[in-house]
Every structure is written in C-alpha cells, then in structure tokens.
Amino acid sequence: MRSRFTAHVAQDFLYLHRTYQPTAQLPYVEETDESPVAWTKLVVHSHELGKQPDTAFVDFSAYYTEQGHEGVLQEKSEFRRIDGEWLFTRPIRQGPAPIKKAAGAKVGRNDPCPCGSGKKYKQCCLAKA
C-alpha cells in the first residue's frame with residue numbers, strides 16, 4: 001500500500017500499472033493526461049490477513065489537494081500475493097469504516113436510571129429512548 005501511494009505521489013504510472021492485478025500482465029500504454037491531484041499524506045488505519053493465504057486487506061486514508069482544495073480518500077482495499085509480489089486487486093469499501101455499536105450491558109426497566117436521577121429507568125429515561 002505504501003509503495004503504491006509513493007508511486008501516486010511520484011506519478012510513477014508504470015509501477016501503478018504493474019502492481020494492479022487486472023493490468024499487471026498487459027502491456028503498459030503511457031497516458032498523456034496529467035492529473036492535477038497532489039497526494040500529501042497516507043494514514044494506514046488497519047491491516048488484516050484474509051481467510052485465504054496470500055490475501056490481505058488494508059484500511060487507509062489518503063489525503064490530497066486538488067485545485068486548491070484538500071480532500072481525503074478513505075478506502076479498504078484487497079491485496080493478493082502473486083508470484084511473491086503483492087498486487088492491488090480491488091477496493092472493498094470506499095468511505096469511512098462503519099461505526100460499531102458499543103456492546104455495553106442493557107439497562108433493565110427496574111434498574112436505577114443511568115442519568116443519576118435516583119428514579120427507576122422505566123420512570124425516567126426509558127420514555128425518552
């Protein structure tokens with residue numbers, strides 16, 4: 001992931017072509033379109049191995065500036081090791097990771113209210129929930 005980000009910064013499109021599984025075996029054709037995007041920072045949030053050998057997932061945020069405006073690309077991507085080299089295969093999710101709800105203990109109807117009022121939960125905040 002870091003090497004692909006560095007290639008985006010350096011505009012090494014040949015390297016990006018070689019490390020993307022759908023295009024890795026195809027001949028490289030240089031494009032003349034210059035990208036106005038300037039990549040500025042990479043933050044890797046997590047890395048996890050897949051269920052299959054030689055598969056991994058990277059959750060990251062890549063920051064950039066485009067036409068004077070700052071932006072961020074948040075993505076979870078799949079990588080596969082093929083012939084000893086890691087190749088980017090596909091994005092799994094674009095955008096921030098979903099927020100997981102806390103698995104805290106539920107408050108019972110007759111338990112003291114967690115707001116600290118001293119009343120039973122059913123007579124205090126249950127109706128507001």
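This briefing describes the strands, the helix, the nonpolar core and the salt bridges of one predicted protein model.

The model is predicted, with local features requiring pLDDT of at least 70 and side-chain atom pairs counted only at pLDDT 80 or more, while totals for chains, interfaces and linings use all residues. Residues are numbered from 1 along each chain as its sequence is written, and side-chain values use heavy atoms, with hydrogens and water left out. Four strands form an open antiparallel sheet in the order β1-β2-β3-β4, and helix α1 lies across β1, β2, β3 and β4.

**Sheet**

- Helices (H or I, at least four residues) and strands (E, at least two) are DSSP runs numbered from the N terminus, and two strands are said to pair if DSSP finds at least two bridges between them.
- The open sheet has the strand order β1-β2-β3-β4 with antiparallel pairing; β1 and β4 stand at its edges, each with a single partner strand, so one side of each is left without a neighbour in the sheet.
- Neighbouring strands of this sheet are turned by 30° against each other on average, direction ignored, where axes are lines fitted to C-alpha atoms, for helices over the stretch in contact, and angles run from 0 to 180 degrees between N-to-C directions.
- The antiparallel pairing of β3 with β4 extends over eight bridges, and the bridge partner of R80 in β4 is L87.

**Helix α1**

- Burial is defined by relative accessible area, with buried meaning under 20%, exposed over 50% and partly exposed in between (1.4 Å probe, protein chains only).
- In helix α1, which spans residues 2–10, the buried residues are R4, F5 and A7; seen down the axis of α1, these buried residues fall within an arc of 160°, so they line one face of the helix, the arc being that of the directions from the helix axis to the C-beta atoms.
- On the other side of α1, R2 and A10 are exposed, and α1 is followed by Q11, whose phi is positive, near 55°.
- The cover over the buried residues of α1 includes α2 (13–18), β1 (37–49), β2, β3 (69–82) and β4 (85–94), with contact meaning heavy atoms within 4.5 Å.
- Helix α1 runs at about 175° to β1.

- A nonpolar core is a set of buried Ala, Val, Leu, Ile, Met, Phe, Trp, Tyr and Cys residues joined through side-chain atoms within 4.5 Å.
- The largest such core has seven residues, namely F5, L42, V58, F60, A62, F79 and F88, and strand β2 (residues 55–66) contributes the largest share of this core, three residues.
- In soluble globular proteins, nonpolar side chains tend to be buried together.
- Not counting residues up to four places away in sequence, V58 touches M1, V44, S46, H47, E75, K76, S77 and F79.
- A56, found in strand β2, is buried with a relative accessible area of 4%, and its contacts beyond four places in sequence include H47, E48, S77, E78, F79 and W86.
- The C-alpha atoms of A56 and G118, residues that are 62 apart in sequence, are 51 Å apart in space.

**Salt bridges**

- A salt bridge is a side-chain nitrogen of Lys or Arg within 4 Å of a carboxyl oxygen of Asp or Glu, and by this rule the count comes to five.
- K76 and E48 meet through their side chains in a salt bridge (3.4 Å, N to O), and the pair links distant parts of the chain, with K76 in strand β3 and E48 in strand β1, 28 residues apart.
- K76 is buried at a relative accessible area of 19%, whereas E48 is partly exposed at 36%.
- R93 forms a salt bridge with D59, the closest N and O atoms being 2.9 Å apart, and this pair also links distant parts of the chain, with R93 in strand β4 and D59 in strand β2, 34 residues apart.
- R93 is buried with a relative accessible area of 19%, and D59 is buried with 11%.
- E78, R80 and R90 are linked in a network of salt bridges, in which the side chains of E78 and R80 meet at 3.5 Å, N to O; E78 is buried with a relative accessible area of 4%, whereas R80 counts as partly exposed at 30%.

**P91 in strand β4**

- P91 lies in strand β4 and is partly exposed, with a relative accessible area of 37%.
- Leaving aside neighbours within four places in sequence, P91 is in contact with E75, K76 and S77, and the C-alpha atoms of P91 and E75, 16 residues apart along the chain, are separated by 6.8 Å.
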